[in-house]
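Here is a short tour of one protein chain. Keep the sequence and the 3D view at hand as you read.

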Amino acid sequence: GYHSGPLVFPRLGLPLHAMPTSCGLQRETGESYDWSGMARGNAEFAVFQWTVSGRGLLTWEGRDHDLTPGLAMVVRIPHAHRYRVHPGFSHWEFLYVCLSGRDVIEAVRTIHGLAGPVIQIGEASDALWAALGIYENSLAGRAWSPFKASALAYRVAMGCLDRVASGRVAVHGKPTTQAAIEYCRE
């Protein structure tokens, strides 16, 4: 079944720099599902939304992106973008997780700089499994630790970053693999 809802954790007095704030599995149809990234308040947060079936449409900086199965939209709020059910398609089914915190926002900015707002996320992806973990804990209504929730939120962000940055990380100005080969030879 489908489920969406906010996630509420007790205040700890400790800084957690990655937290899930809501999640869900939804199937949307028609024109009523239409979000503007500038019309969701001033609080900064990120949305990870992975397409299960159907098709969505993201308009980002004047360019349209089709959101087909296996693609994840990773956007931050507030930002000038719009996402909705793709016109001409019957539905858009997706898993989403909203994330807040300094580390999440910084990771999303880096993702945007490297790859933009849409990335391919396979079913075996760590980011997807972490998002599913957040969803399953929410669905089960478990009382779960804010620390475990933070770890899963961080895994979503880092899994996405790993997906777009793999092979681009440099060690002393060299690609990681080249630096490792040289290290082994030494």
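## Overall picture

Among the contacts in the chain with a separation of 6 or more, 75% are between residues 24 or more positions apart. The chain has 4 helices and 12 strands. It counts 186 residues, and 46% of them are buried.

This is a predicted model. The average pLDDT of the chain is 88, and 85% of the residues score at least 70. Confidence is highest in strand 5, at 98. It is lowest in strand 11 (residues 170–171), at a mean of 48.

## Helix 1 and its buried side

Helix 1 spans residues 102–115, 14 residues in total. From first C-alpha to last it reaches 20 Å, close to the 20 Å expected at 1.5 Å a residue. Which residues of helix 1 are buried? They are Val104, Ile105, Ala107, Val108, Ile111 and His112. These residues lie on the same side of helix 1, because they cover an arc of only 160 degrees around the axis. The general rule is simple: an α-helix has 3.6 residues a turn, so residues three or four places apart point the same way.

What do the buried residues of helix 1 pack against? Their partners are strand 4 (45–54), strand 5 (56–60), strand 7 (71–77), strand 9 (92–100) and helix 3 (146–165). The face turned away from the buried side carries the exposed residues Arg102 and Gly113. Just after helix 1 comes glycine 116, with a positive phi of about 85 degrees.

Leucine 161 is buried, since its relative accessible area is 17% and the cut-off for buried is under 20%. Not counting residues up to four places away in sequence, leucine 161 touches Ala107, Thr110, Ile111, Leu114 and Ser166. Ala107 and Ile111 are among the buried residues of helix 1.

## Aromatic rings

How many aromatic pairs does the structure hold? There are 6. One of them joins tyrosine 33 and tryptophan 92. Their ring centres are 6.0 Å apart and their planes are at 75 degrees, so the pair counts as edge-to-face, the term for planes over 60 degrees apart. This pair links distant parts of the chain, 59 residues apart. Tyrosine 33 sits in the loop between strand 2 (19–28) and strand 3 (34–36), while tryptophan 92 is in strand 9.

Are these two residues buried or exposed? Tyrosine 33 is buried, with a relative accessible area of 9%. Tryptophan 92 is buried too, at 0%. Ring pairs also build a cluster: Tyr33, Trp35, Tyr83, Trp92, Phe94 and Tyr96. The charged end of arginine 40 sits over the ring of tryptophan 35, 4.1 Å from its centre.

## Backbone details in two loops

Look next at the loop between strand 7 and strand 8 (81–85), where proline 78 is placed. A cis peptide bond joins isoleucine 77 to proline 78, with omega at about -5 degrees.

The loop between strand 5 and strand 6 (63–67) holds glutamate 61. Glutamate 61 is not a glycine, yet it has a positive phi of about 50 degrees. Its relative accessible area is 62%, so glutamate 61 is exposed.

## Two more links along the chain

Serine 22 lies in strand 2. It is buried, with a relative accessible area of 15%. Serine 100 is 78 residues away from serine 22 in sequence, but their C-alpha atoms are 9.8 Å apart in space.

Aspartate 126 lies in helix 2 (residues 126–140). At 40% relative accessibility, this residue counts as partly exposed. Arginine 155 is 29 residues from aspartate 126 along the chain, and 7.0 Å separates their C-alpha atoms.

Technical notes: Residues are numbered from 1 along each chain as its sequence is written. This is a predicted model: local features need pLDDT of at least 70, side-chain atom pairs count only at pLDDT 80 or more; totals for chains, interfaces and linings use all residues. Side-chain values use heavy atoms; hydrogens and water are left out. The expected span of a helix is 1.5 Å times one less than its number of residues. Buried means under 20% relative accessible area, exposed over 50%, partly exposed in between (1.4 Å probe, protein chains only). The arc is that of the directions from the helix axis to the C-beta atoms. Contact means heavy atoms within 4.5 Å. Rings of Phe, Tyr and Trp (its six-membered ring) pair if their centres lie within 6.5 Å; planes under 30 degrees apart count as stacked, over 60 as edge-to-face and the rest as tilted. A charge sits over a ring if NZ of Lys or CZ of Arg is within 6 Å of the ring centre and within 35 degrees of the ring normal. pLDDT is the predictor's confidence in each residue, from 0 to 100.
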